[in-house]
Amino acid sequence: STGGGFALQSGYWGGDATAALAVAGAWSTKAPMLTARNGLSLGALNGIIYAAGGWNGSHRTVLEAYDTVNNTWTAKVSMPGPQTHAASGVINGILYLAGGTDYSVEINTFRAYNIAADTWTGQPTIPAMPTIRQTAAGGVINSKLYVAGGINTQNQANIPPIATLEVFDPTANGGVGGWSTL
């Protein structure tokens with residue numbers, strides 16, 4: 001780790017979408033995203049930050065890549081469907097998106113973007129996340145994607161947070177991948 005960080009300030013409905021990069025404790029403004037949005041998911045590999053999905057008046061299928069060296073954004077192949085507020089992480093060159101929302105309801109949709117091939121896969125090729133939820137946190141440890149928390153507002157007047165922690169192992173089930181609840 002270099003002690004740096006990355007943040008996106010995204011316009012809600014068509015406003016400015018600015019990237020900021022912190023290196024050695026100082027923030028600097030970078031090139032704006034091609035598509036302003038919030039609720040997007042991020043993953044990074046080899047100095048490139050991938051920004052997937054999100055919302056800017058409608059759910060987006062946009063995937064954009066930010067080159068931290070050249071300060072440029074590039075449009076990538078669109079997602080197969082909209083996904084907002086998904087947990088995310090990169091494992092072995094694959095950006096995974098777990099859960100989130102799809103139009104108006106929470107989902108357990110699980111998608112995989114192969115960075116080198118610029119292609120997406122999803123169900124039934126890879127298994128859906130066991131718990132339907134949005135705004136969960138995601139992180140990668142030892143080549144496994146951990147997804148914790150979130151909410152599910154479906155058919156509920158009172159919306160309690162979810163305490164479930166699930167892990168996706170891409171090597172399980174003969175390389176198809178599998179989920180387990182911890």
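What follows is a chat about a predicted protein model.

Trainee: Before we start, what should I know about this model?
Mentor: It is a predicted model: local features need pLDDT of at least 70, side-chain atom pairs count only at pLDDT 80 or more, and totals for chains, interfaces and linings use all residues. Residues are numbered from 1 along each chain as its sequence is written, and side-chain values use heavy atoms, with hydrogens and water left out.

Trainee: Okay, how many helices and strands are in the protein chain?
Mentor: The protein chain has zero helices and 17 strands. Both are DSSP runs numbered from the N terminus: helices are H or I with at least four residues, strands are E with at least two.

Trainee: And what share of the residues is buried?
Mentor: Of the 182 residues, 46% are buried. Buried means under 20% relative accessible area, exposed over 50% and partly exposed in between, with a 1.4 Å probe and protein chains only.

Trainee: Let's look at β6. Why is that strand largely enclosed by the rest of the structure?
Mentor: Because five of the five residues of β6 (residues 63–67) are buried. Leu63, Ala65 and Asp67 point one way, while Glu64 and Tyr66 point the other way.

Trainee: Which strands are joined to β6 by bridges?
Mentor: Five bridges join β5 (residues 48–52) to β6, running antiparallel, and four bridges join β6 to β7 (residues 72–75), also antiparallel. Two strands pair if DSSP finds at least two bridges between them. Tyr66 is the bridge partner of Ile49, and Ala75 is the bridge partner of Glu64.

Trainee: What about the hairpin of β6 and β7?
Mentor: That hairpin has four residues between the strands, and Asn71 takes a positive phi near 55°.

Trainee: Switching to rings: how many aromatic pairs are there?
Mentor: The count comes to eight aromatic pairs. Rings of Phe, Tyr and Trp (its six-membered ring) pair if their centres lie within 6.5 Å; planes under 30 degrees apart are stacked, over 60 edge-to-face and the rest tilted. Tyr66 and Trp73 form a tilted pair, 5.0 Å centre to centre with 45° between the planes. Tyr66 and Trp73 are buried.

Trainee: Which residues do ring pairs link into a cluster?
Mentor: Tyr96, Phe110, Phe168 and Trp179. Those four are also among the residues that touch the most other members of the largest nonpolar core, which has 14 residues. Such a core is a set of buried Ala, Val, Leu, Ile, Met, Phe, Trp, Tyr and Cys residues joined through side-chain atoms within 4.5 Å.

Trainee: Which element gives the largest share of this core?
Mentor: β9, with three residues. A second, separate core of 13 residues includes Tyr50, Ala86, Leu95 and Leu97.

Trainee: What is Phe168 in contact with?
Mentor: Leaving aside neighbours within four places in sequence, its contacts include Pro127, Lys144, Leu145 and Val176. Contact means heavy atoms within 4.5 Å.

Trainee: Last one: what is the order of the open sheet of four strands?
Mentor: The order is β14-β15-β16-β17, with antiparallel pairing. β14 (137–141) and β17 (178–181) are the edge strands, each pairing on one side only. Four bridges join β16 (residues 165–169) to β17, and Asp169 stands opposite Gly178.
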